[in-house]
Amino acid sequence: MSFLVDRGTRVLIQGVTGQLGGYVLELMARAGYRAVAGVTPGRGGTSVGGVPVFDTVAEAADQTGCTASLVLVPPAGLRDAALEAIHERMDPIVLMVDGVPLNLSIELLSRARESAVTLIGPNSPGIISPGQCLLGALDPSRFAPGEVAVISRSGGMMSTIADNLARSGIGTSTCIGIGGDSVIGIDMPTAVTLAEKDPDTRAIVIFGEIGTTQEERLAELIRKGQVGKPVVAYIAGAAAPAGIRYSHAGAQADGQAGTAVAKMATLAEAGAHVVERYVSMGQLTRELLK
Amino acid sequence: MTKLLEYQVKEILREEGIATPPGLLCRSAAEAREAAAQLGGRVFVKAQVAAGDRAAAGGVRSGADPAQAEAIAAELLAATIQGMPVEAVLVEAGIQAEWEGYASVSIVEGPARRVLRFSRSGGTGFDPARAAFQLEFDAHLEPHVIRRELRRTGLASQELLEVTRTLSAMVRCVARWSAYVLELNPIALTAQGLVALDGKADIDDYSKALIPDAAYLEAVETDPRERLAREFQSRDHRGSFRYVQLLPEGATAAGRPRVGSHSVGGGESMVVLDALAAVELAPTNYCDTSGSPSAEKVAAAAELVAGQPHIEGVLFSTCIANQPLATTAHGLVDGWERAGWRGPSVVRFAGNQSEQAREIVARWGEGRVDRLRVVGEETDEWTAARMLRDLIESEEQGR
């Protein structure tokens, strides 16, 4: 099983007619996933890779019953596309685009909250429930179905970790790339809470990094007993000096706050299994599930 | 995000109608003397660096007369604070205050929203979480809402209008300047109203095209390689290119060999820094080219990394990437060729087209580089870092 997406999720891709849209459809088709609809205003009535394209999300929802949206629209059209998806109650909505201005992120998050829909991202590679649903630009061959949730602040490292788990014989229930920005929709504590509630998830693997308070808030949930499933954590950036802005806008530690070392200590004290190298996550998780 | 310097913060505050003490920006001790004479009385001489705890590090001092101001400025302008050279000082008039408090707008998480905070006490060491007034909001906050909540904290009627006016101006300011943080600490009540004695602001880099003056984000970057990377990124939007100089030329690393670092993926780049540290190698830089960049962009990055005169080796590594790595590989060897790089190198490809990418780099290396290892995802980052360390040591032994 899974959370947020499952076999019943009907995938819409906004911006499907662009180059990235074609690439995502190809990734999906290769592994037997499908999108039921695409939306590109002005291109209604056409189709891409067998997927019907509509002018509006409302039409797409009416005619295909799409329920969740992957937004591949570039920054210039992002606000309009995301607000349209929120208005039509697509849930979840994945925002892939990197470099979203702060005020826009805050506005979109606020509108999604008002409409009670889950926003994933911005700067997210998407979400996958192996064998059930792919809503993102992820290579499905790296993800095996199973009982472990992966929550990652890095897109590339999510695939890398899922692959490491698969090589140890561990499959995943749902993997979410929550995005590398500091202002994001679903964050690590919230995603872990969903994994905790999912009856078919038995353990949770996280990729954290310096900056934000997500790992500290997760530690608090574990400490309070609100997360009881085993949490295996790798936090990157112990060797990255504080006070510097790296690639991910959220990966910035300030003085002692938000450093990798502090996050690892806080999580370990709370009872999470903290590894020094992500490559040992597969083996450790397998032992924990025995 | 980019941290503005105090004098820049005060410029944008004044535009928004928030008062600051009379002051002058000075780039020499003589200018500081003149400024103190012009301002009259006791002045504060404040180092303009984006350091967290500037006052505790001796970066803010007061002088009784122009001669003292000149002497302090001379010392500060020759100093570095938390590794940052002081290039200018702000000389400001002393202020008579009734009280010194705290005001800020920042981001809270879980869920991510803005929060406005105010307290009639403040100063160094004040914990914002203890502010009596805290109000969460998203885009806008009407003055009447601020006023109502301030009254609930017991703020006296005679101060209510002035505090509301200032807090409303701060809310407008963070929106206009796309700030993660705007902090006025201390903010003082004087006979003329509220005055921001100190100011900090962190501006969102992604909003560069939207803020009133993008030059504020450029003035702060002084490293020439970081500037080149940023300029390239602003010309070529395909994928991302982020470069940070961690160890400038001339900086030593406590005997550890210094190496260049170049990665694909923001998370991967962090992992690589950790892997290098684990084998006692000192990365001189951080560099990430990901999100399907052009070969030209990867080449520009590779040339910057390999062109650092103070490195003994380079580690290139990718996460399991979707981007076509053959394109990345072409860019990598082009950049190394331009930099004339022939030093010890480990190249690790994982993901889309990794086989092709390995072949491209291996073929380039033949007859050019003796100490080159090209590996795939079966070799993890820590093993790759160890390989680089071994290559560097074998070179040293061979001498």
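## A salt bridge between the chains

The side chains of A:Arg142 and B:Glu377 meet in a salt bridge, with N and O 2.5 Å apart. A:Arg142 lies in the loop between β9 (133-136) and β10 (145-152) of chain A, while B:Glu377 lies in the loop between β20 (372-375) and α12 (381-398) of chain B, so the pair joins two chains. This is a predicted model, and the description that follows should be read with that in mind.

Side chains of opposite charge can pair when their charged atoms come close. Another pairing across the two chains is that of A:Arg217 with B:Glu109, a salt bridge in which the closest N and O atoms are 3.1 Å apart.

## The interface of chain A and chain B

The size of an interface is often given as the accessible area lost when the parts come together. Chain A and chain B bury about 3,800 Å² between them, and 56% of this area is on carbon and sulfur atoms. Of the area that chain A buries against chain B, 16% is supplied by A:Leu102, A:Ile106 and A:Arg245, more than by any other three residues. The contact takes 55 residues from chain A and 44 residues from chain B.

Polar contacts also link the two chains, with a count of 18 residue pairs, both residues being at pLDDT 80 or more. On the side of chain A that touches chain B, at least two residues each come from α4 (102-114), α5 (155-167), β12 (203-209), α7 (214-223) and β13 (231-236) of chain A. By class, the residues on this side of chain A divide into 26 nonpolar, 15 polar and 14 charged.

## Two helices within chain A

Two packed helices are described by the angle between their axes and the distance between the axes. In chain A, the axes of α7(A) and helix α8 (residues 260-270) come within 8 Å and cross at roughly 10°. With angles under 35 degrees counted as roughly parallel, α7(A) and α8(A) are therefore roughly parallel to each other.

From α7(A), the contact is made by A:Gln214, A:Glu215, A:Glu216, A:Leu218, A:Ala219, A:Ile222 and A:Arg223, and from α8(A) by A:Lys263, A:Thr266, A:Leu267 and A:Ala270. Sorted by class, this contact of α7(A) with α8(A) has five nonpolar, two polar and four charged residues.

## Backbone details

Most residues other than glycine have a negative phi, and most peptide bonds are trans. In chain A, however, a cis peptide bond with omega of about 0° joins A:Asp91 and A:Pro92, and A:Pro92 is placed in the loop between α3 (75-87) and β6 (93-95) of chain A. In chain B, a cis peptide bond with omega of about 5° joins B:Asn185 and B:Pro186, and B:Pro186 is placed in strand β11 (residues 179-190) of chain B.

A:Leu4 has a positive phi of about 70°, although A:Leu4 is not a glycine. This residue, A:Leu4, is found in the segment before β1 (11-14) of chain A.

How values were computed
Residues are numbered from 1 along each chain as its sequence is written. Chains are lettered from A and ligands numbered from 1 in the order in which they are written. Side-chain values use heavy atoms; hydrogens and water are left out. Contact means heavy atoms within 4.5 Å. Buried area is the accessible area (1.4 Å probe) that two parts lose on being put together, summed over both. A salt bridge is a side-chain nitrogen of Lys or Arg within 4 Å of a carboxyl oxygen of Asp or Glu. A polar contact is a pair of N or O atoms within 3.5 Å; within protein, one must be able to donate a hydrogen and the other to accept it, and residues adjacent in sequence count only if both atoms are side-chain atoms. Helices (H or I, at least four residues) and strands (E, at least two) are DSSP runs, numbered from the N terminus. Ala, Val, Leu, Ile, Met, Phe, Trp, Tyr, Cys and Pro count as nonpolar, Asp, Glu, Lys and Arg as charged, and the others, Gly among them, as polar. Axes are lines fitted to C-alpha atoms, for helices over the stretch in contact, and angles run from 0 to 180 degrees between N-to-C directions. Angles under 35 degrees count as roughly parallel, over 145 as roughly antiparallel, 65 to 115 as roughly perpendicular and the rest as oblique.
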